[in-house]
Amino acid sequence: MPQPPREVDRRVARTRLALRDAMLALLPSAGWDELSIQAICERANVGRSTFYLHYQGKDDLLSDSFAGLRDHLTSQWGQGPAPGLGMLGGLLDHMDEQRAVFKAVIGQRSGHGIASRFKAMVRELVDLELKAHGLTTDQRHWLACYLAGGIVETMAWWIHAPKPPPIREMERRLNLLVEGSIAMVSKP
């Protein structure tokens, strides 16, 4: 008989949270390429051996952080398809709250790899929402690539803009573009 999934031990969860928080705190000043596991461990007050009990490397820690963000955003969705993208507001709010981190992740200081992985996560979220809108697999995949690219580029622009528009205005305008794109793709 299969065993029910075990709850993550609180100590494990606390250690992983400390490592993630340390990575996020260091990213704005160090940038991804220069960020070392040793620095993350020192900031989290965790030994290197403990780090390697939880993660294979900083890429693994980053993937876990993206997975947590993805899970958080999907948990915020309402029932059924809403106009535009339901996850967009939460993603933009998170960017606004973590502006310095986003500058390091998708801005000028990031490596190509980390920006690509972030865009892939956004593409996955968009694809899930397009599925809820009833688009076919063929329609969804290319439209998700198009929309995710536009969303991530707009986010990169916003974090560097001297006077960016308010987040709700950006969400409204992006969702208008999303709705128009869905309507165009859905036409026979």
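Buried means under 20% relative accessible area, exposed means over 50%, and partly exposed lies in between, with a 1.4 Å probe and protein chains only. The structure is a predicted model, in which local features need pLDDT of at least 70 and side-chain atom pairs count only at pLDDT 80 or more, while totals for chains, interfaces and linings use all residues. Residues are numbered from 1 along each chain as its sequence is written, and side-chain values use heavy atoms, with hydrogens and water left out.

**Exercise 1. Decide whether Asn45 is buried or exposed, and describe its place in the chain.**

Step 1: Asn45 is found in the loop between helix 2 (37-44) and helix 3 (48-54), where helices (H or I, at least four residues) and strands (E, at least two) are DSSP runs numbered from the N terminus.
Step 2: Asn45 counts as exposed because its relative accessibility is 73%.
Step 3: Turning to the backbone, Asn45 has a positive phi of about 60°, although Asn45 is not a glycine.

**Exercise 2. State how many helices and strands the protein chain has, and describe the chain as a whole.**

Step 1: The protein chain has 9 helices and 0 strands, and its pattern along the sequence reads α-α-α-α-α-α-α-α-α.
Step 2: Of the 188 residues in the protein chain, 39% are buried.
Step 3: Among the contacts with a separation of 6 or more, 67% are between residues 24 or more positions apart, a contact being heavy atoms within 4.5 Å.
Step 4: The accessible surface comes to about 11,000 Å², of which 53% belongs to carbon and sulfur atoms; such areas come from the Shrake-Rupley method with a 1.4 Å probe, and for residues only the protein chains shown count as cover.

**Exercise 3. Compare the span of helix 4 with the expected value, and list the buried residues of this helix.**

Step 1: Helix 4 covers residues 58-75 and has 18 residues.
Step 2: The expected span is 1.5 Å times one less than the number of residues, and helix 4 reaches 26 Å from its first C-alpha to its last, close to the 26 Å expected.
Step 3: The buried residues of helix 4 are Lys58, Leu61, Leu62, Ser65, Phe66, Ala67, Leu69 and Leu73.

**Exercise 4. Describe the largest pocket, and then follow Arg20 from its lining.**

Step 1: On a 1 Å grid over the protein atoms alone, a pocket is an open set of points where a 1.4 Å probe fits, with protein on both sides within 12 Å along at least five of seven lines, and lining residues have an atom within 4 Å of a point.
Step 2: The largest pocket has a volume of about 380 Å³, and of its 19 lining residues the closest to its centre are Arg20, Leu24, Ser65, Leu69 and His94. This volume is the space filled by probe spheres set on the points, which are joined across faces, edges and corners.
Step 3: Helix 1, helix 4 and helix 6 each supply at least two residues of the lining, and the largest share, 7 residues, comes from helix 1.
Step 4: Arg20 lies in helix 1 and counts as partly exposed because its relative accessibility is 31%.
Step 5: Not counting residues up to four places away in sequence, Arg20 touches Leu61 and Ser65. Arg20 and Lys58 are 38 residues apart in sequence and 9.8 Å apart in space, C-alpha to C-alpha.
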